[in-house]
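Walk me through this assembly, starting with the side chains and ending with the way the chains are arranged. Give the cut-offs along the way.

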There are 8 protein chains.
Amino acid sequence: MTLHKDVMLDFARDARTGLDEAVFCAGKTVAHVAEILRQVEARAGRILLTRLHPDQFAALPEAWRNRVDYDALSQTGYFSQSQSQPHPQSATKQVAVVAAGTSDVAVAREAARTLAFYGESPAEITDVGVAGLWRLLERIEEIRSMKVVIAIAGMDAALPTVIGGLIGAPIIGVPTSVGYGVAEGGQTALKAMLASCSPGLTVTNIDNGYGAACAALRILRLSNA
Amino acid sequence: MTLHKDVMLDFARDARTGLDEAVFCAGKTVAHVAEILRQVEARAGRILLTRLHPDQFAALPEAWRNRVDYDALSQTGYFSQSQSQPHPQSATKQVAVVAAGTSDVAVAREAARTLAFYGESPAEITDVGVAGLWRLLERIEEIRSMKVVIAIAGMDAALPTVIGGLIGAPIIGVPTSVGYGVAEGGQTALKAMLASCSPGLTVTNIDNGYGAACAALRILRLSNA
Amino acid sequence: MTLHKDVMLDFARDARTGLDEAVFCAGKTVAHVAEILRQVEARAGRILLTRLHPDQFAALPEAWRNRVDYDALSQTGYFSQSQSQPHPQSATKQVAVVAAGTSDVAVAREAARTLAFYGESPAEITDVGVAGLWRLLERIEEIRSMKVVIAIAGMDAALPTVIGGLIGAPIIGVPTSVGYGVAEGGQTALKAMLASCSPGLTVTNIDNGYGAACAALRILRLSNA
Amino acid sequence: MTLHKDVMLDFARDARTGLDEAVFCAGKTVAHVAEILRQVEARAGRILLTRLHPDQFAALPEAWRNRVDYDALSQTGYFSQSQSQPHPQSATKQVAVVAAGTSDVAVAREAARTLAFYGESPAEITDVGVAGLWRLLERIEEIRSMKVVIAIAGMDAALPTVIGGLIGAPIIGVPTSVGYGVAEGGQTALKAMLASCSPGLTVTNIDNGYGAACAALRILRLSNA
Amino acid sequence: MTLHKDVMLDFARDARTGLDEAVFCAGKTVAHVAEILRQVEARAGRILLTRLHPDQFAALPEAWRNRVDYDALSQTGYFSQSQSQPHPQSATKQVAVVAAGTSDVAVAREAARTLAFYGESPAEITDVGVAGLWRLLERIEEIRSMKVVIAIAGMDAALPTVIGGLIGAPIIGVPTSVGYGVAEGGQTALKAMLASCSPGLTVTNIDNGYGAACAALRILRLSNA
Amino acid sequence: MTLHKDVMLDFARDARTGLDEAVFCAGKTVAHVAEILRQVEARAGRILLTRLHPDQFAALPEAWRNRVDYDALSQTGYFSQSQSQPHPQSATKQVAVVAAGTSDVAVAREAARTLAFYGESPAEITDVGVAGLWRLLERIEEIRSMKVVIAIAGMDAALPTVIGGLIGAPIIGVPTSVGYGVAEGGQTALKAMLASCSPGLTVTNIDNGYGAACAALRILRLSNA
Amino acid sequence: MTLHKDVMLDFARDARTGLDEAVFCAGKTVAHVAEILRQVEARAGRILLTRLHPDQFAALPEAWRNRVDYDALSQTGYFSQSQSQPHPQSATKQVAVVAAGTSDVAVAREAARTLAFYGESPAEITDVGVAGLWRLLERIEEIRSMKVVIAIAGMDAALPTVIGGLIGAPIIGVPTSVGYGVAEGGQTALKAMLASCSPGLTVTNIDNGYGAACAALRILRLSNA
Amino acid sequence: MTLHKDVMLDFARDARTGLDEAVFCAGKTVAHVAEILRQVEARAGRILLTRLHPDQFAALPEAWRNRVDYDALSQTGYFSQSQSQPHPQSATKQVAVVAAGTSDVAVAREAARTLAFYGESPAEITDVGVAGLWRLLERIEEIRSMKVVIAIAGMDAALPTVIGGLIGAPIIGVPTSVGYGVAEGGQTALKAMLASCSPGLTVTNIDNGYGAACAALRILRLSNA
């Protein structure tokens with residue numbers, strides 16, 4: 001009944017910040033998610049859905065579900081009028097999305113899918129944690145060739161520190177909730193990144209691949225301006 | 001005796017990352033700080049000293065003290081061979097250093113002094129916290145004209161969220177330890193920034209104006225490349 | 001067997017504090033909840049049930065269940081002898097219940113339903129978080145016209161700070177558990193509100209829409225006395 | 001040199017919220033505090049100084065110091081053009097400032113001094129903690145006669161819960177940092193108040209007598225409107 | 001295979017401390033619990049089972065299950081050779097088990113069942129939280145007549161403080177995990193009790209009704225010696 | 001001026017709980033402490049002062065200072081009309097005050113001095129931590145002969161667990177703030193004691209020797225009744 | 001599709017550190033686990049799987065499942081080409097795996113299974129917690145005869161401290177998540193071990209039996225070199 | 001008076017564990033430290049003093065002070081009958097003490113001085129943090145040649161993880177309290193080490209160079225046995 005009053009999308013965000021609004025779906029009822037899609041459609045807009053749990057996705061009315069390009073691993077969905085890939089993809093790779101371990105792939109994919117939604121094709125480099133240093137060193141030239149680096153790691157999160165000491169590009173750390181015990185759901189990875197001695201490393205919330213991608217997009221637009 | 005063995009400066013950092021090494025002085029003995037200056041001089045180098053407490057500075061041998069361009073509020077020092085301002089200053093302002101309150105000025109100055117050490121002249125905008133929103137709105141066009149924004153705030157740290165929703169440039173949040181009780185030495189400001197709904201806001205450690213400046217420099221070099 | 005001994009309702013609370021007792025159902029067995037309803041009925045009383053989980057509600061004997069006006073989103077129930085709306089509703093709106101995002105609606109509804117139980121018709125204003133500032137500014141005159149404001153927000157919880165700086169009425173902040181990672185189940189929102197620079201903002205427990213409504217009722221009774 | 005740029009007072013706050021700006025002095029340099037007084041004087045204004053440490057006060061230039069009505073216990077100062085009591089005092093007492101123990105008096109005094117700055121004469125009731133329940137019961141009628149109650153307590157902070165169950169007026173809890181060990185600088189008192197079963201109790205930051213007074217003023221203005 | 005090696009019961013505990021061993025079942029496999037019962041039977045002993053979840057109980061082989069006197073609310077079981085009540089019950093009540101709310105009954109019952117296992121018949125007094133003070137005052141003489149008082153409360157846990165100020169007997173506080181948000185699973189109740197100004201109040205772990213009963217038994221044996 | 005209003009001693013506590021009031025001096029001004037002594041003298045009473053820092057003691061007016069039997073290590077003082085030892089001392093030792101290390105002696109002395117104030121002569125046994133187990137085993141018979149045991153330990157606080165498994169008497173654990181790093185000011189010792197597998201061990205706040213002594217007195221009075 | 005790119009095993013680890021790689025399976029998709037086995041098989045290698053939940057194991061394709069020697073209690077699996085026990089077992093026992101309680105057996109088994117994977121046959125000694133000290137003292141000579149001791153305990157974790165004071169061999173503490181309330185998922189056990197007064201006790205993450213076994217293997221190889 | 005009763009040294013420790021007792025001086029009165037020296041002298045023993053603050057050392061009676069070989073940076077002292085170096089020094093270096101930064105030298109020196117007290121001459125390698133990776137790689141062969149490695153780091157503490165992946169010897173991590181903000185006095189370094197993916201890394205308390213040295217000594221004795 002009052003459903004439409006519970007939602008007031010920020011359609012002006014694109015004009016102000018250069019990024020369409022995205023919707024964080026965790027904690028929203030399915031009815032609220034559907035109402036959001038209805039409003040986007042009414043504006044002939046497009047929207048990125050994040051943290052859309054498979055159970056939420058499955059509970060969406062089929063008509064909406066069919067029109068969402070959904071990826072279960074990253075829990076992201078693309079919704080737009082005519083095509084699943086809302087923005088044309090750039091020809092060259094400008095962002096490296098580097099993940100320390102296979103368990104960090106879900107977060108890395110959220111970052112990569114967010115970049116793709118806005119037209120960037122990232123280079124995804126996975127399982128290069130520093131406990132086996134040669135794996136990172138083997139890929140470091142590829143990483144160095146990118147404009148921006150997103151470094152994703154859980155547990156002790158040493159990866160961004162080591163990369164940050166090896167390259168000069170902007171580097172954004174994303175701690176993940178991978179681990180147990182003192183990993184504390186990613187708090188230790190987060191604090192280790194923030195306390196890093198690598199100068200100029202900045203950090204997002206735990207598991208926030210979406211936020212890191214947005215930060216990269218802000219930088220790319222500046223650099224390409 | 002073993003003093004020189006306790007110090008191994010990373011003179012190659014500039015080549016790798018584009019930033020000369022800086023030295024974090026908190027927790028170092030005065031003898032260690034002096035040994036560092038001695039090694040820099042031997043290499044005819046230059047170095048930025050951060051967290052150099054006035055008591056540490058006062059205890060340095062006079063010969064060294066006289067050659068450091070020291071600022072007590074930000075606890076930073078410039079050391080170089082021939083001049084106090086080690087790098088020539090850029091003609092145009094490209095970075096806004098925005099602080100929520102007068103109590104945040106020490107951290108803002110650390111960021112500004114770091115930028116100046118590497119040749120950038122930032123625009124410093126202070127006391128524009130969002131509890132008196134008109135103050136920020138009055139300055140928002142000036143902020144929007146910059147390439148990078150460093151937003152510094154303590155307590156509830158709402159400033160970067162509001163700015164992040166108003167501009168499209170890269171924005172780096174620096175939480176400060178200003179406040180008492182639940183402010184918890186800056187932990188609340190830090191977490192509030194990390195949990196912000198402003199997409200693409202990245203964050204540094206508490207009071208880390210130096211780190212934010214380095215992140216801004218990484219972005220500027222990319223953008224000016 | 002000893003069920004009736006496990007419950008001693010505070011029927012005198014209304015006389016002392018002007019508010020009938022309400023019952024917090026989380027952690028109570030269904031048998032205990034039913035016993036409470038039995039005692040209320042025996043006194044021909046009325047009672048507000050909060051945190052009554054849909055599973056608890058579904059497990060209540062049908063006779064009781066049919067007589068509870070239940071709302072699943074807010075997990076609240078009204079129980080009274082003859083009618084579902086225990087108190088007559090006021091003609092004018094005196095309280096604004098303002099929520100930062102759609103995910104905060106469950107808590108907002110708990111506040112609104114509590115107010116309605118005691119006869120107040122609140123104005124519900126949703127999805128006006130400060131990352132899209134225009135949405136709040138568009139509604140600020142409506143908010144300013146109210147006697148009391150309840151401001152509900154999760155994540156960085158900047159909303160009450162900004163509102164508190166724009167109006168002179170009493171303002172009660174309710175942090176929500178919306179968010180992930182450093183949001184820490186609402187702890188960050190709570191601390192950000194408590195550390196706010198907006199003078200005179202007071203705060204309730206996380207997700208405690210019921211408590212905020214009670215605080216508003218205490219103020220309204222004073223103001224209407 | 002840039003001192004005046006570091007301060008931008010919110011002189012419009014009174015018009016928006018009905019409260020002149022106050023200045024939180026902890027963490028500010030003495031030069032910044034003096035600059036603030038200079039700006040207030042230039043506007044022929046008045047200002048409340050909070051958390052002005054005796055050492056800061058003693059370091060102020062004598063000319064300024066002589067014109068501040070300073071109270072060392074509460075660390076508050078009144079600054080205005082012609083008189084120490086900036087607002088005329090109300091004839092009747094409308095607010096009770098109730099403190100659990102003698103150690104809580106500094107915080108109670110901050111609340112009382114803030115109320116007096118804005119013209120309210122509070123009733124101060126001290127050392128009525130609930131471990132000796134008769135002391136509170138002896139004063140409860142006096143407390144019940146007030147429009148608003150500020151309840152101040154450290155350690156286990158049971159006082160506001162007990163008062164909240166005995167009266168119907170708005171009640172604002174202020175946790176204090178009194179105690180040791182698990183008292184954790186007031187965190188336990190804060191959380192105990194927030195978790196209280198007394199419905200409608202709202203809470204401020206630890207030791208924030210100033211904030212509680214502002215909340216009381218917001219309520220009084222409404223009630224006297 | 002190695003099951004019997006994983007268990008080494010402390011059959012000598014009774015001789016050393018006057019209390020038979022009890023077994024904490026949470027985290028044990030059903031096979032381990034069954035092995036423990038087998039060893040107890042082999043010694044013709046008796047044992048108290050605590051934290052035996054209904055699911056664990058249901059999964060026990062029927063032969064064992066039939067011989068355990070199980071109470072689901074408190075998750076306790078009595079196992080002995082010939083009778084369900086292993087020790088004869090005392091004629092007089094010496095211990096009051098006082099619980100603040102109906103939600104605290106599960107913990108109160110664990111304490112009461114432990115006392116009964118060792119032969120004590122406690123007085124159970126429930127729902128006397130201090131937000132409705134008259135309920136406690138109505139029962140205070142009964143409480144005062146007991147040799148030992150166990151006071152059980154969650155949330156802000158003010159009950160033991162108030163009781164402790166009214167009686168001279170030994171008083172043991174048991175914090176419960178009842179509550180949400182800042183209640184933090186009982187941490188706030190625990191700390192509030194430990195920080196209490198009631199002199200001589202001692203405390204157990206959260207929800208540890210068993211431990212409080214054991215402490216009471218130690219005192220009773222001393223007092224009856 | 002209002003000094004006498006800031007203090008309302010609980011002279012009735014003795015009648016209610018069997019223990020004279022004691023005054024916790026930390027956080028009180030010297031003027032407040034002196035006012036308390038004045039009120040006690042006016043009633044011809046006696047009082048135990050705890051946490052009276054040597055600096056506070058030294059700042060007391062000499063007349064008062066001369067009449068306080070002060071012990072700097074435990075920071076306790078006895079104040080009474082005619083004699084320093086306010087209660088006659090018992091002939092036999094009934095309480096063991098057992099401390100794990102020499103660093104715990106200050107807390108042990110607070111317990112011992114509190115017991116002595118109320119007439120008990122405790123057995124003090126020090127430096128028997130379980131990392132050198134023979135030291136404890138050498139004294140265990142002496143400990144076992146006591147009616148009540150107070151076990152004091154910092155760091156990992158294993159002492160009370162081991163004692164609790166060896167004796168049947170009531171045992172009260174007092175964690176101390178001795179240690180560094182993860183000792184976290186006594187939090188680890190506190191939690192280790194609360195999580196102990198020794199059944200019936202109860203615990204006080206960190207460094208709270210006074211509270212443990214009061215708990216022991218409550219038990220002794222019961223046992224001697 | 002990109003599955004093989006998400007995995008980059010560190011096959012060179014054995015050469016560098018003397019230990020084959022092991023794979024931590026928690027948080028990995030079943031598809032990723034299967035891909036890892038595929039790569040190991042392609043190299044004719046062997047691998048230890050840890051934290052492989054029974055649900056993950058059950059979801060593996062049958063062909064892979066049949067070739068894993070899986071133990072559900074410890075959640076470990078052995079995978080190798082021709083045999084389930086990848087390394088030949090040593091004839092003599094050199095490591096004691098000592099667990100405080102039956103609830104700690106899952107972690108002890110993870111340590112034991114890791115040792116066995118690399119060829120060591122440990123002595124497993126269980127249920128010797130120090131609340132019943134005789135049980136440990138009965139086994140202490142056996143423990144003293146080992147080259148390395150792994151001591152596993154939850155709750156207050158006093159076991160490693162007591163053992164560490166009785167023997168001279170290297171001792172590695174493993175805290176477990178056994179317990180409730182202040183046990184805080186093993187944090188208290190962890191901190192108690194780290195704060196232990198037993199000199200030379202080192203510690204692993206909570207529940208990290210695998211890590212302790214690896215540390216023991218590093219020591220054994222040194223000692224047998 | 002009772003000073004000698006407050007101290008019971010564990011002279012038998014050497015026989016049990018192969019290590020003479022050492023005394024942790026923080027929190028001890030100077031009188032207690034002197035009493036300890038008196039007892040050691042009476043037994044013609046030797047003792048290592050740790051955490052002996054320069055102020056404590058300066059306050060010792062001169063006779064004792066002259067006989068302590070004191071190092072202010074590490075706050076350690078050697079006390080023995082006839083010579084300052086109580087044990088003869090080994091000819092070969094078997095332990096590497098590796099520190100990430102110059103600020104970590106105080107902790108590294110505590111480890112080195114402890115090793116030297118018991119006769120080991122460690123290799124001290126400093127300022128090889130991984131943000132400048134070449135510094136570590138330059139020294140890795142030297143590190144690999146040692147029997148045991150102690151790796152000391154603060155902030156994000158990535159050093160032990162990287163070393164642990166490069167060598168096969170036992171490695172002991174020591175987190176330091178170097179850093180600010182989220183470094184949280186070494187808690188982040190500690191947790192990062194415990195959560196490390198380097199298998200077999202074990203860890204000591206924050207700043208516990210003494211404990212790491214003792215662990216290394218336990219291993220060396222085994223390896224040299």
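A charge is taken to sit over a ring if NZ of Lys or CZ of Arg is within 6 Å of the ring centre and within 35 degrees of the ring normal. By that criterion, the charged end of C:Arg51 sits over the ring of E:Tyr180, 3.8 Å from its centre. In chain A, the charged end of A:Arg113 lies over the ring of A:Tyr78, at 4.0 Å from the ring centre.

The model is predicted, and local features need pLDDT of at least 70, side-chain atom pairs count only at pLDDT 80 or more, while totals for chains, interfaces and linings use all residues. Residues are numbered from 1 along each chain as its sequence is written, chains are lettered from A and ligands numbered from 1 in the order in which they are written, and side-chain values use heavy atoms, with hydrogens and water left out.

Rings also meet other rings. Rings of Phe, Tyr and Trp (its six-membered ring) pair if their centres lie within 6.5 Å; planes under 30 degrees apart count as stacked, over 60 as edge-to-face and the rest as tilted. This rule gives 40 aromatic pairs over all chains. One of them is the stacked pair of C:Phe57 and C:Tyr70, with 4.1 Å centre to centre and 15 degrees between the planes. The pair links distant parts of the chain, 13 residues apart: C:Phe57 belongs to helix α3 (residues 54-59) of chain C and C:Tyr70 to strand β3 (residues 68-71) of chain C. Here helices (H or I, at least four residues) and strands (E, at least two) are DSSP runs, numbered from the N terminus. Both C:Phe57 and C:Tyr70 are buried, where buried means under 20% relative accessible area, exposed over 50%, and partly exposed in between (1.4 Å probe, protein chains only).

An edge-to-face case is H:Phe117 with H:Tyr118, at 4.9 Å centre to centre and 90 degrees between the planes. H:Phe117 is buried at a relative accessible area of 0%, and H:Tyr118 is buried at 6%. In chain A, A:Phe117 and A:Tyr118 form one aromatic cluster with A:Tyr78.

Helix α9 (residues 209-224) of chain D has 16 residues and spans 22 Å from its first C-alpha to its last, close to the 22 Å expected at 1.5 Å a residue; the expected span is 1.5 Å times one less than the number of residues. Of the 16 residues of α9(D), 14 are buried, so the helix is mostly covered.

Now the chains. Two copies of a chain are related by a rotation about an axis and a shift along it. Copies are superposed by least squares on the C-alpha atoms of residues with pLDDT of at least 70 in both. Chain B is superposed on chain A by a rotation of 180 degrees with 0.0 Å of shift along its axis (RMSD 0.0 Å). That is the relation of a two-fold axis. In chain B, B:Ser223 comes closest to this rotation axis, its C-alpha being 2.0 Å away.

A rotation of 180 degrees with 0.0 Å of shift along its axis also superposes chain B on chain C (RMSD 0.0 Å). The C-alpha of chain B nearest that axis is the one of B:Ala158, at 2.6 Å. Contact (heavy atoms within 4.5 Å) takes 21 residues from chain B and 21 residues from chain C. Because 100% of the interface residues of chain B are also interface residues in chain C, the copies meet through the same surface.
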